[in-house]
Amino acid sequence: MHSEYALLCELYPAPKCALDFRSPWQLLVATVLSAQTTDKRVNSVTPELFAEFPDAASLGAAAGERVEDIIHPLGFFRGKARNIIALSAALTQRYGGEVPQSMDALTSLPGVGRKTANVVLGNAFHIPGFPVDTHVMRLTGRLRWRDDWRDVHPDPVRIEREITACFPPEEWTDLSHRLILHGRAVCHARKPDCAACPLSDTCPSAA
């Protein structure tokens, strides 16, 4: 596991969040919007969204139809609009518009799960967090980094607990980034490019 991670560190020496943001609130909203779409597509709509609604108070009071119109290209735009309006209103009411810095507080907000909270904690506040998305699930399974790799529907919380137990907290956010980057670039879901993967010598799935 750690030798394979060392190779990932060489491949991706300076990983960072692919979502564009200027504040913890912008990252929180962008991460909620990124569900079931690409970060690139989210980045194409957030400049207009944040120009019109520059803070939690303004988005929390926004008309749903206007927000839907801006984020329409993302898909599932009605539910996402409801979530980002509701979470912004909750932030304004409970925390004065400031994003809280704890897992419990973040996941109490509408539409915010552990993955989103971990993204915000790790990238906005540099608090150790390990977001588990489909790429992380796929790679940790193919590499046999976890015991439940045979499960068709693995539990993200169990994956988070099992993988983070093997790495120091200061590596958790970058570890997630590197797995995601490798999943996007090489270890694709349908047809992984094992011939181009430096992990293929030790990866049990490469054969």
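UniProt positions are given in the numbering used here, feature names are shortened, and annotations may be inferred rather than shown by experiment. The structure is a predicted model, in which local features need pLDDT of at least 70, side-chain atom pairs count only at pLDDT 80 or more, and totals for chains, interfaces and linings use all residues. Residues are numbered from 1 along each chain as its sequence is written, and side-chain values use heavy atoms, with hydrogens and water left out.

In an unreviewed entry, UniProt places the feature "binding site" at Cys 187, Cys 194, Cys 197 and Cys 203. These positions span 17 residues in sequence, yet no two of their C-alpha atoms are more than 11.1 Å apart, so they gather at one spot. Cys 197 lies in the segment after helix H11; helices (H or I, at least four residues) and strands (E, at least two) are DSSP runs, numbered from the N terminus. At a relative accessibility of 14%, Cys 197 counts as buried; buried means under 20% relative accessible area, exposed over 50%, and partly exposed in between (1.4 Å probe, protein chains only). When residues up to four places away in sequence are not counted, Cys 197 touches His 182 and Val 186, contact being defined as heavy atoms within 4.5 Å. Cys 203 also lies in the segment after H11 and is buried, at 17% relative accessibility. With residues up to four places away in sequence again not counted, Cys 203 touches Glu 4, Arg 142 and Leu 143.

An unreviewed UniProt entry lists residues 33-185 as "domain: HhH-GPD". This span is 62% helix and 0% strand, and its end C-alpha atoms lie 22 Å apart.

Gly 183 is buried, with 1% relative accessibility. Beyond its neighbours within four places in sequence, Gly 183 is in contact with His 135, Arg 138, Leu 139 and His 188. Gly 183 and Ala 14 are separated by 169 residues in sequence and by 16 Å in space, C-alpha to C-alpha. His 135, which lies in helix H9, is likewise buried, with a relative accessible area of 16%. Apart from neighbours within four places in sequence, the contacts of His 135 are Leu 179, Ile 180, Gly 183 and Arg 184.

His 177 counts as buried at 11% relative accessibility. The side chain of His 177 makes a polar contact with the side chain of Asn 123, at 2.7 Å. A polar contact is a pair of N or O atoms within 3.5 Å; within protein, one must be able to donate a hydrogen and the other to accept it, and residues adjacent in sequence count only if both atoms are side-chain atoms. Leaving aside neighbours within four places in sequence, His 177 is in contact with Pro 15, Lys 16, Cys 17 and Asn 123.

Asn 123 also takes part in the packing of helix H8 against helix H2. The axes of H2 (residues 24-33) and H8 come within 9 Å and cross at roughly 145 degrees; axes are lines fitted to C-alpha atoms, for helices over the stretch in contact, and angles run from 0 to 180 degrees between N-to-C directions. The crossing of H2 and H8 is right-handed, a crossing being left-handed if the near helix is turned anticlockwise from the far one by less than a right angle, and right-handed if clockwise. H2 contributes Pro 24, Leu 27, Leu 28, Thr 31 and Val 32 to the contact, and H8 contributes Thr 116, Val 119, Val 120, Asn 123 and Ala 124. Of the residues in this contact, seven are nonpolar, three polar and none charged. Ala, Val, Leu, Ile, Met, Phe, Trp, Tyr, Cys and Pro count as nonpolar, Asp, Glu, Lys and Arg as charged, and the others, Gly among them, as polar.

Helix H10 (residues 156-164) has as its buried residues Ile 159, Glu 160, Glu 162, Ile 163 and Thr 164. These residues pack against helices H8 (114-124), H9 (134-142) and H11 (172-185). The N-terminal end of H10 is capped by Asp 155, of which a side-chain oxygen lies 3.1 Å from the backbone nitrogen of Val 157.

Positive phi values occur at two residues that are not glycines, about 50 degrees at Phe 76 and about 55 degrees at His 126. Phe 76 is found in the loop between helix H5 (64-71) and helix H6 (77-95) and is exposed, with a relative accessible area of 57%. His 126 is found in the loop between H8 and H9 and is exposed, with a relative accessible area of 67%.
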